Amino acid sequence: MGSTRLPGKVLRDLEGETMLARVMRRLGRARRIDSLLVATTDRAADDAIVEECRRHKLPVFRGDQDDVLDRYFRAAQLVKADVVVRVTSDCPLIDPEMTDQTVAAFLEARPDYAANNLVRTYPRGLDTEVFSMDALANAWQQARKPYERSHVTPYIYEHPADFRILTVTEDADYSHHRWTVDTAEDLEFVRTIYSRFKEKPDFLWRDVLDLVEREPQLTELNRSIEQKALHEG
């Protein structure tokens, strides 16, 4: 709820449901995820997220606001995870099939960490990271810099000598598309997308891609938004 650019963004409405509910509903269609868990903070402002999770019968874990790495580690411990799949709640166009693809790549190659956003070829907003509990524990023990704690995984992918890293990419480059929500302009774009798929709530990323290629003016809604740098928090 404490987003600086768009406060309360994860509970903003998308065609009758919150962004958080949309993300979890879409991830619920992923076949290679055993269970879902919302990891939020212990701040009073995030009581609203806990209430939303209860309303949708979603399990929730509460931890430190700034040390997100610690929050993730303790949440994973709680559910006795051996592999953790990380998706952020500001990605309401997340594609369950793409998430499954990233998990499948991890399970086949068995690296320490796999992601479809290290070498970015997919639209921003489809990001899926998959990592072993051992890799998460190592990062939790070793990471010291503030951004390493607030972004969960930088310690892993910035130390390739210590971790086996797998990148998942697409043959074509669609990285210029921005489908995440960090500003009011981003929210307007995503709301427009959802309004176009009222009759097809199980739409996938290729459906969105076809739509914006047919109507390129849609991308103008948030074209001017710049992504915050990793070290900005």
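Ala184 lies in helix α8, which spans residues 184-196. The model described here is a predicted one. With a relative accessibility of 48%, Ala184 is classed as partly exposed. Along the sequence, Ala184 and Ile225 are 41 residues apart, yet their C-alpha atoms are 9.9 Å apart in space.

Thr183 belongs to the loop that runs between β8 (165-167) and α8. Thr183 is buried, its relative accessible area being 7%. When neighbours within four places in sequence are set aside, the contacts of Thr183 are Arg5, Leu6 and Ile225.

## The packing of α8 and α9

Helix α8 packs with helix α9 (residues 205-214) at an angle of about 105°, and the two axes are 11 Å apart. Angles of 65 to 115 degrees count as roughly perpendicular, so α8 is roughly perpendicular to α9. On the α8 side, the residues that meet α9 are Phe189, Ile193 and Arg196. Their partners in α9 are Val208, Leu211 and Val212. Sorted by class, this contact has five nonpolar residues, no polar residues and one charged residue.

In α9, the buried residues are Trp205, Asp207, Val208, Leu209, Leu211 and Val212. The elements that cover these buried residues include α4 and α8.

## The packing of α3 and α5

The crossing in which α3 passes α5 is left-handed.

From α3, the residues in this contact are Leu69, Asp70, Tyr72, Phe73, Arg74, Ala76 and Gln77. From α5, they are Met133, Leu136, Ala137, Ala139 and Trp140. By class, the contact of α3 with α5 comprises nine nonpolar residues, one polar residue and two charged residues.

Helix α3 is mostly covered, with eight of its eleven residues buried. The buried residues of α3 are Val68, Leu69, Asp70, Arg71, Tyr72, Phe73, Ala75 and Ala76. Both strands and helices take part in covering them: β3 (38-41), β4 (60-63), β5 (83-86), α5 and α6 (146-150) are included. Just after α3, Lys80 adopts a positive phi of about 55°.

## Positive phi values in two loops

Arg110 is not a glycine, yet its phi is positive, at about 55°. Arg110 sits in the loop between α4 (96-109) and β6 (113-115). With a relative accessible area of 46%, Arg110 is partly exposed.

Val152, likewise not a glycine, has a positive phi of about 75°. The loop between α6 and α7 (154-157) holds Val152. In contrast to the partly exposed Arg110, Val152 is buried, at 0% relative accessibility.

## Cysteines without disulfides

The structure holds zero disulfides. A disulfide requires two cysteine sulfur atoms within 2.5 Å. For Cys53, the closest cysteine sulfur is that of Cys91, at 16 Å, which is too far for a bond. Cys91 is likewise in no disulfide, as the nearest cysteine sulfur to it, that of Cys53, is 16 Å away.

Both residues are shielded from the solvent probe by the burial criterion of under 20% relative accessible area. Cys53 is buried at 0% relative accessibility, and Cys91 is buried with a relative accessible area of 3%.

Conventions: Residues are numbered from 1 along each chain as its sequence is written. This is a predicted model: local features need pLDDT of at least 70, side-chain atom pairs count only at pLDDT 80 or more; totals for chains, interfaces and linings use all residues. Side-chain values use heavy atoms; hydrogens and water are left out. A crossing is left-handed if the near helix is turned anticlockwise from the far one by less than a right angle, and right-handed if clockwise. Helices (H or I, at least four residues) and strands (E, at least two) are DSSP runs, numbered from the N terminus. Contact means heavy atoms within 4.5 Å. Ala, Val, Leu, Ile, Met, Phe, Trp, Tyr, Cys and Pro count as nonpolar, Asp, Glu, Lys and Arg as charged, and the others, Gly among them, as polar. Buried means under 20% relative accessible area, exposed over 50%, partly exposed in between (1.4 Å probe, protein chains only). Axes are lines fitted to C-alpha atoms, for helices over the stretch in contact, and angles run from 0 to 180 degrees between N-to-C directions. Angles under 35 degrees count as roughly parallel, over 145 as roughly antiparallel, 65 to 115 as roughly perpendicular and the rest as oblique.
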